[in-house]
Amino acid sequence: MIHIHKYEKWWIGLTILMLVAFATLVGVAAFSKGFQVPEPWMRVDPNTVKDSGAFSDANLGLHELAPGKYEAYLLAQSSPWRFYPSELSIPVGSTVTFYVTSVDVQHGFRIQDTNINLQILPGQVSKATYTFEKAGEFPYVCGEYCGVGHQGMFGKIVVK
Amino acid sequence: MFAVEKKILSWHLVLACVALSIGTLFGPLQALEHMGVNLYPALQVIGIQSYYQGLTLHGVLNALVWTTFFITGFLMYVMVKTLNTPLSKPGLSWAGFYVMVVGLVMAAIPLLLNQASILYTMYPPLQAPWYYYLGLTLFVVGSWVSGWSMLATFLGWRKQNPGKTVPFMAMAGMITMVLWQICTLGIASEILGLILPWTFGLYGMDSQLARTLFWFTGHPLVYFWLLPAYVSWYGMMPKQSGGKLFSEPLARFAFWLFLILSTPLGFHHQYLDPGVPAVWKFLHAALTYAVFFPSMLTAFNVIASMENGGRARGGKGLFGWLLTLPWTDPSWTTQALAMIIFSLGGVGGLINASYNVNLVVHNTAWVPGHLHLTVGSGVTLTFMGILYWLIPHLTGKALWSKKLALWQAWSWFVGMLIFSRGMHWIGLLGAPRRTMLGVALGNYGSADWRVPTLMTGIGGLILFVSATLFFIEVIMSAYFSKEKAEVEMPVAEPLHAEVIPAWLNNWQPWLVGTVVLIVVAYAPMLIQLISQAQFTSPGFKVW
């Protein structure tokens, strides 16, 4: 066996303790308390996704499922760079489940001042749920480089 | 002795520095843009069409070209010196170098013509011309060939010295190149299996599968950058500090752990991806914590070695040894400052790796803030520090100006702390990464962004000054220095003369461990992604 200095043994012990503690904390927060990362939801064909179904023009935007409970379908697109729709209005206290996909390149979907942060890929539907407890405007912005207009790709949620 | 190896190394260093000199030019332009001063329109006269073309050049030239040329040259030279045996097949090293150059030229043309402004992650379905991808492939293959030349020399030495312990730095360098060979299989299969056929229109693209193959290489890539810096921190800096390597066996152990743990954790770059189940992401999060373990071993060992040096130079008391360290030696100081910055990057990296905590920072300016502490300083500043002994070693002439080199190191240190603090801060405020933040501020930013964006601008300007000092020092030292000097490669001795046990001198258990961990962490998910792939996306050119 190799010689290890006493202090170095303490350091190694401390490192292992720390890493086990971190893994336990994030694991419990995720799998028992529900602070989870995105999971697979469904696949679509990016070439036809807006022609019919959930991401067709007629269905994009908010749908109230029950009082205070919504789902929102959004499309991300480059050239012109924007989200469809670019504005959503909901009452304070609403719970919204977002479904987002791309018709072209990769995008991001991050709602400012929340923990909603999604990678948007063509061919995949990203899903996340959030309850808006505070009134105000919450921009949703593209977090992935998607071409020269990327910095102008955003929308907003108005919570009243 | 080693005239051929010196020549090969010198050519690698020349191209590395040329790449860095062009790549860093764009850095301050990005930082200034964040501050609200966009100079890119003025660059259209020289053909730079957009912020994002500049950003792509900055990423590719600095993170890929500068690092890879430096590393393949440096590790080859360290190996032949520590084994004290010349390259067995120098022609193979030359061949590798030429293949890298051909690849670089093929990739540089579309980059400069604004045909490949897809950033260094090249996420499909952003689509560059086929020769861009082929150029990148050749560049990587060239570095493989250089690695084979090292391997041939390494195996030849082992044959001639049966049962002997391989010198630490030769072993560490070889481990790094083997890691590179294994992990680049991801990007090789992404380009050859998905992207090239797709650019020829043979089939569409599945972005999720492409991202997964990219990050198979993408994270070990950072260890490919970092481990050569660790070679210097473990193997050379104790000597430069005036001391010895505190624990050589644990240094070796750390390198073996990096070999087996660097690859099976790519999903920690994909926590937000829609196509990967959470449980796989969590497994990779746990493995990412595991790779933090050898980093912590390294922190203890290199600092204890420096303390050993400081005390040997007369330092007393709990912290007095810090003062007696060679702060007037540019090579040592530059690398010591790199270590300090890197330790901050390590803490941030732990946050990035922390699964759901990552939701707060993913795809925000926090991430390039982190990257500039790690590859932009921990690695790059260390390589600069290495050049401060390596150039005199190669030319036989003294460093042109010690003072200038020290100014360079300290200005990089200060500039990077300011720049990176601004980036981390604005990332926490929600500013996305890889974005013209000066424009975005007016779109969806807030007044809170002003101070941190100002910090990125000021930090970027200081870094630009520092980079300029660096290139002046390099050019003057390489070509115009008059004073003769004989500078030897620093090689640290171990503090305790111990017999290295066989398990630390034997590849087999570690290679088996590497393959097993990769299979466990990747195979089921890769098989699922491939079998369920939908090759639907056409290519897009949206820049």
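Predicted model: local features only at pLDDT ≥ 70, side-chain atom pairs only at ≥ 80, totals over all residues.
Residues are numbered from 1 along each chain as its sequence is written, and chains are lettered from A in the order in which they are written. Local features need pLDDT of at least 70 and side-chain atom pairs count only at pLDDT 80 or more, while totals for chains, interfaces and linings use all residues.

**Exercise 1.** Describe the side of chain A that touches chain B.

- Step 1: Count the residues in contact (C-beta atoms, placed from the backbone, within 7 Å). Chain A gives 57 residues and chain B gives 54.
- Step 2: Find the elements, which are DSSP runs (helices H or I, at least four residues; strands E, at least two) numbered from the N terminus. Those of chain A giving two or more residues include α1 (6-31) and β9 (124-131).
- Step 3: Look for the largest share: α1(A) supplies it, with 10 residues.

**Exercise 2.** Work out how α2 (residues 51-83) and α3 (residues 90-112) of chain B are arranged.

- Step 1: Take the axes (lines fitted to C-alpha atoms over the stretch in contact, with angles from 0 to 180 degrees between N-to-C directions). They come within 12 Å and cross at roughly 175°.
- Step 2: Classify the angle: α2(B) is therefore roughly antiparallel to α3(B) (over 145 degrees).
- Step 3: List the partners. Among them are Leu57(B) and Val60(B) of α2(B), and Leu104(B) of α3(B).

**Exercise 3.** Judge the confidence in chain B.

- Step 1: Read pLDDT, the predictor's confidence in each residue, from 0 to 100. Chain B averages 96, and 100% of its residues score at least 70.
- Step 2: Compare the elements of chain B: helix α16 has the lowest mean (95) and helix α15 the highest (98).

Terms used: Contact = placed C-beta atoms within 7 Å. Parallel < 35°, antiparallel > 145°, perpendicular 65-115°, else oblique.
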